[in-house]
Amino acid sequence: MPDRKRPLVIVTRKLPDVIETRMMELFETRLNLDDTPLTREHLLDAAAQADVLVPTVTDRIDAEVIAAAGPRLKLIANFGNGVDHIDLKAARERGISVTNTPGVLTEDTADMTMALILAVARRLTEGERLVRSGRWTGWGPTNMLGSRLGGKRLGIVGMGRIGQALARRARGFGLSIHYHNRRRVHPEIEAELDATYWESLDQMLARVDIVSINCPRTPATYHLLNARRLKLLKPSAIVVNTSRGEAIDEGTLAGMLQRREIAGAGLDVFEQEPDVDPKLLKLDNVVLLPHLGSATYESRVDMGEKVIVNVKTFVDGHPPPDRVITTEF
């Protein structure tokens, strides 16, 4: 680290006030008070000047940004769990450590996933729009009929922390838990959740009523639900995604929803975020949210506190606790 008493920490987005205040106390900190995403030029400039860069998922820290890094940049302390927006190979080659903020988004993201399942199955946002429009004419025995959750099968794609937290919530609504994962979870977890493991994703998709995508973005999960797999779903099936938009072939999904080949979808993330397939915007059988999965005040503060611990530990000469890439000090 540099000889200066306090490292220059550049934060790319607006963080909770309590986190920014503590960072100002501990480090020489450059904040983004108006929360305008950094332009490419400003991001390159930040990498050239900073001792520590604190980006978010909206910042593309690719090989060009890493190459622009000055000799002082030794740590990228990501504000977020996923690091698919950071070129880890380029960072490793430049001797730049990378940290993230795992374990603090689980419960909030699982809550949001369950909320989307309920919203789609019971047509909540469609009904809310009907009331606001002034077109609601009163209760009727066949009006706005949705689907009961109890007794249905939920297929969880990715049985990590969030997938397991979702399963615990879903059991309370009477859903039967099925899952597909790279590795089968521990038998004790399976027993606790009364979960059925499917080694074949294709076989699971054809049998469940609701599919929830809870896997990280990797080359292997890009379009994991591609056109072929989407067509395995029942016409009554619901698809929910709170992980990464690229996990689903959004264009194919939109077309199938439009033709009612799938009953509904709840999407908190999108393939070309923040752009959304125009077909989705016109459909009533889709609930669309602006990446709210972990958007609680508590989770954002917890994430910020993890960033502070990672930076403070690193500049004090010790391995930070949430290392994605470790380099020499």
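# A walk through a predicted structure

Leaving aside neighbours within four places in sequence, Asn 214 is in contact with Thr 113, Ile 156, Val 157, Gly 158, Ile 162, Gly 163, Leu 166, Thr 242 and Ser 243. Contact here means heavy atoms within 4.5 Å. Asn 214 lies in the loop between S9 and H10. Helices (H or I, at least four residues) and strands (E, at least two) are DSSP runs, numbered from the N terminus. Asn 214 counts as buried because its relative accessibility is 11%, and buried means under 20% relative accessible area, exposed over 50%, and partly exposed in between (1.4 Å probe, protein chains only). Between the C-alpha atoms of Asn 214 and Trp 198, which are 16 residues apart along the chain, the separation is 15 Å.

Some notes on reading the values come next. This is a predicted model, in which local features need pLDDT of at least 70 and side-chain atom pairs count only at pLDDT 80 or more, while totals for chains, interfaces and linings use all residues. Residues are numbered from 1 along each chain as its sequence is written, and side-chain values use heavy atoms, with hydrogens and water left out.

Now the whole protein. Its secondary structure comes to 13 helices and 13 strands. A compact globule of 329 residues would have a radius of gyration near 20 Å, and the 22 Å of the protein agrees with this. The radius is taken over C-alpha atoms, and the globule rule is 2.2 Å times the number of residues to the power 0.38. The C-alpha trace spans about 75 × 50 × 30 Å along its principal axes. Of the 329 residues, 50% count as buried. Among contacts with a separation of 6 or more, 59% join residues 24 or more positions apart.

The protein exposes about 16300 Å², and carbon and sulfur atoms supply 51% of that area. Accessible areas come from the Shrake-Rupley method with a 1.4 Å probe, and for residues only the protein chains shown count as cover. There are 44 positive and 44 negative charges, and their mean positions are 4 Å apart. Lys and Arg count as positive and Asp and Glu as negative, while His and the chain ends are not counted. The place of a charge is taken as NZ of Lys, CZ of Arg, CG of Asp or CD of Glu.

The next topic is a sheet. Seven strands form an open sheet in the order S8-S7-S6-S9-S10-S11-S12, with parallel pairing. Strand S8 (196–197) and strand S12 (286–288) are the edge strands, each pairing on one side only. Two strands pair if DSSP finds at least two bridges between them. Strand S6 (residues 153–157) pairs with strand S7 (residues 176–180) in the parallel sense over five bridges, and S6 pairs with S9 in the parallel sense over four bridges. Val 157 has a bridge partner in each of these neighbours: His 180 in S7 and Ile 213 in S9. S9 also pairs with strand S10 (residues 238–241), again in the parallel sense and over four bridges. There, the partner of Ile 210 is Ile 238.

In a regular strand the side chains alternate between the two faces of the sheet. Which residues of S9 are buried on one side and on the other? Ile 210 and Ser 212 are buried on one side, and Val 211 and Ile 213 are buried on the other.

Arg 171 is found in helix H7 (residues 161–172). With a relative accessible area of 40%, Arg 171 is partly exposed. Arg 171 touches Ile 177, Glu 192, Leu 193 and Asp 194, not counting residues up to four places away in sequence. From Arg 171 to Leu 193 the distance is 22 residues in sequence and 7.6 Å in space, C-alpha to C-alpha.

The last topic is the backbone. Most residues other than glycine have a negative phi, and most peptide bonds are trans. Phi of Arg 123 is near 60°, a positive value in a residue other than glycine. Arg 123 sits in the loop between helix H5 (106–121) and helix H6 (124–133) and is partly exposed, with a relative accessible area of 27%. Phi of His 223 is near 50°, also a positive value in a residue other than glycine. His 223 is in the loop between strand S9 (210–213) and helix H10 (227–230), and is buried, with a relative accessible area of 18%. The peptide bond from Glu 273 to Pro 274 is cis, with omega near 10°. Pro 274 belongs to the loop between strand S11 (264–267) and helix H12 (278–281).
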